[in-house]
Amino acid sequence: MKTGMDAPFKDAENAALFQVLINTAVDGIIVIDAVGNVRLYNKACERLLGYAPEEVLGRNINMLMPSPYREQHDNYIEAYRTTSERKIIGIGREVLGQNKDGSTFPMYLSVGEGWLGNEQIFIGIIHDTTERQVVASRLQEVQAELAHVSRLNEMGQMTSALAHELNQPLTAIMNYLRAAQRTVAAFDDPAIVRAQGMMDKAAGQTARAGEIIRRLRDFVEKRDARQSHEDLNKTIEEAISLALVGASDANIKAVLKFDQNIPPVLMDRIQIQQVVLNLVRNAVEALQEVSIRELTIETGFEENGYAYASFSDTGPGLPDEVASRLFQPFVTTKEKGMGVGLSICQSIVSGHGGLLSATANENGGTTFCFRLPVIDA
Ligand SMILES: Nc1ncnc2c1ncn2[C@@H]1O[C@H](COP(=O)(O)OP(=O)(O)OP(=O)(O)O)[C@@H](O)[C@H]1O
Ligand SMILES: [Mg+2]
């Protein structure tokens, strides 16, 4: 029976076909003899390894290998010929290739073994796997990002649990304070009156702590989006008070310029507050690096039917390396930053049909601004 391989061509044609095959192969093909000298070296090898055929033919194949393979290779062939133990022959594996210019690249090397008359030869086929490695490393990055996200998620849960835990002692403090106040209410000794004033202040601070915790829980707890018509100023004001906790200690002056004539805006209040929180927190963080620390928060209503809120700081401005990728996740210049704040802001604002932008201020500093469409109730 005739098969496709049985003398399909004449001898001369066979020789020509062989040449075409070797030279058009995309993968590198190298043939070596039993002592490791190169007998054939195709065009793809020239491209992959950078050596011309005349530099390689007749020389030991180990010149093409990076250390430590280079030093081991002669022993390896010898060991194979005496023991027939296979490490790569007939199998193939991922190895590191080295170009003449010293650069290395990942490649899949498969080695076959054959006979040319009485002479034993080895045929190596080199497949450049750089592309595959790029995909694999991108995959790893994505996995790392996912791990990040799930850590964030855990943080949300922890915050929620912490807020819950803190609520109980705060309630107890409040109750004790009230009881103490009632206990001394009937006395008008000046020292007791002073103590009462202090207890009032303590109660005020406790209430404030409770409020912060309540808002914190609102922010982190998982919930469905709830849209309603809200007062933009009030929404922002609530969020700022949470975001600016500790800001006065940091010597930050906050200036509010609220337009009182903004129509109600259809929004998910908690989500928009999350945007405000992230923007204010970024500003506060940026202001740590400068001595004049001002944050101006302005709201307004534009003719084209958009309400806006802008957050303008006197900070150092956006670092060049993040400016173009600002809204991408995991872009950060902060040691402890996750780089998710702005990407969350962006997705919330665009989810509301709005726009988030960042511009550099004339006198340094940055202004972030979000616009939300005002839809009639
Ligand atoms: N107001 C600002 N002034 C200067 N740089 C800013 C400002 N806001 C953001 N940036 C820069 O943009 C980067 C990305 O901000 P983003 O809020 O997304 O992440 P982050 O603040 O680094 O971390 P995370 O918000 O997740 O804790 C910051 O690391 C910072 O370099
Ligand atoms: Mg941030």
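Student: Which residues of H7 are buried?

Tutor: In this predicted model, the buried residues of H7 are Leu232, Thr235, Ile236, Ala239, Ile240, Leu242 and Ala243.

Student: What is the span of H7 from its first C-alpha to its last?

Tutor: H7 comprises 12 residues, 232–243, and reaches 16 Å between those two atoms, close to the 16 Å expected at 1.5 Å a residue.

Student: How do H8 and H10 pack?

Tutor: Two packed helices are described by the angle between their axes and by the distance between those axes. Here H8 (residues 269–287) and H10 (residues 341–351) pack at about 145°, and their axes are 9 Å apart. The crossing in which H8 passes H10 is left-handed. On the H8 side, the contact is made by Gln271, Gln274, Val275, Asn278, Leu279, Arg281 and Asn282; H10 contributes Gly341, Leu342, Ile344, Cys345, Ile348 and Val349.

Student: How do the residues of this contact of H8 with H10 divide into nonpolar, polar and charged?

Tutor: There are 7 nonpolar, 5 polar and 1 charged.

Student: Is Gln271 buried or exposed?

Tutor: A residue is buried if 20 or more other C-beta atoms lie within 10 Å of its own. Gln271, a residue of helix H8, counts as buried because it has 20 C-beta neighbours inside 10 Å. Gln271 and Ile344 are 73 residues apart in sequence, and their C-alpha atoms are 9.6 Å apart in space.

Student: What covers the buried residues of H10?

Tutor: The buried residues of H10 are Gly341, Leu342, Cys345, Gln346, Ile348 and Val349. Their cover includes H8, strand S11 (355–360) and strand S12 (366–373). Within strand S11 one finds Ser357, which is partly exposed because 15 other C-beta atoms lie within 10 Å. The C-alpha atoms of Ser357 and Phe368 are separated by 5.7 Å, although the two residues are 11 apart along the chain.

Student: Which residue takes a positive phi just after H10?

Tutor: Just after H10, Gly353 has a positive phi of about 75°. A second case is Phe330, a residue other than glycine, whose phi is positive and near 65°. Phe330 belongs to the loop between helix H9 (320–323) and H10, and counts as partly exposed with 15 other C-beta atoms within 10 Å.

Student: Which residues does Arg39 touch, not counting those up to four places away in sequence?

Tutor: Arg39, in strand S2 (residues 38–41), touches Val31, Ile32, Asp33 and Ile121 under that condition. Arg39 counts as partly exposed because it has 16 C-beta neighbours inside 10 Å. Between the C-alpha atoms of Arg39 and His229, 190 residues apart along the chain, the separation is 80 Å.

How values were computed. Residues numbered from 1 in each chain as written. Chains lettered and ligands numbered in written order. Predicted model: local features only at pLDDT ≥ 70, side-chain atom pairs only at ≥ 80, totals over all residues. Axes fitted to C-alpha atoms, helices over the stretch in contact; angles between N-to-C directions. Helix = DSSP H or I, 4+ residues; strand = E, 2+ residues; numbered from the N terminus. Left-handed = near helix turned anticlockwise from the far one by under 90°. Contact = placed C-beta atoms within 7 Å. Nonpolar A, V, L, I, M, F, W, Y, C, P; charged D, E, K, R; others polar. Expected span 1.5 Å × (residues − 1). Buried ≥ 20, exposed ≤ 12 C-beta atoms within 10 Å, placed from the backbone.
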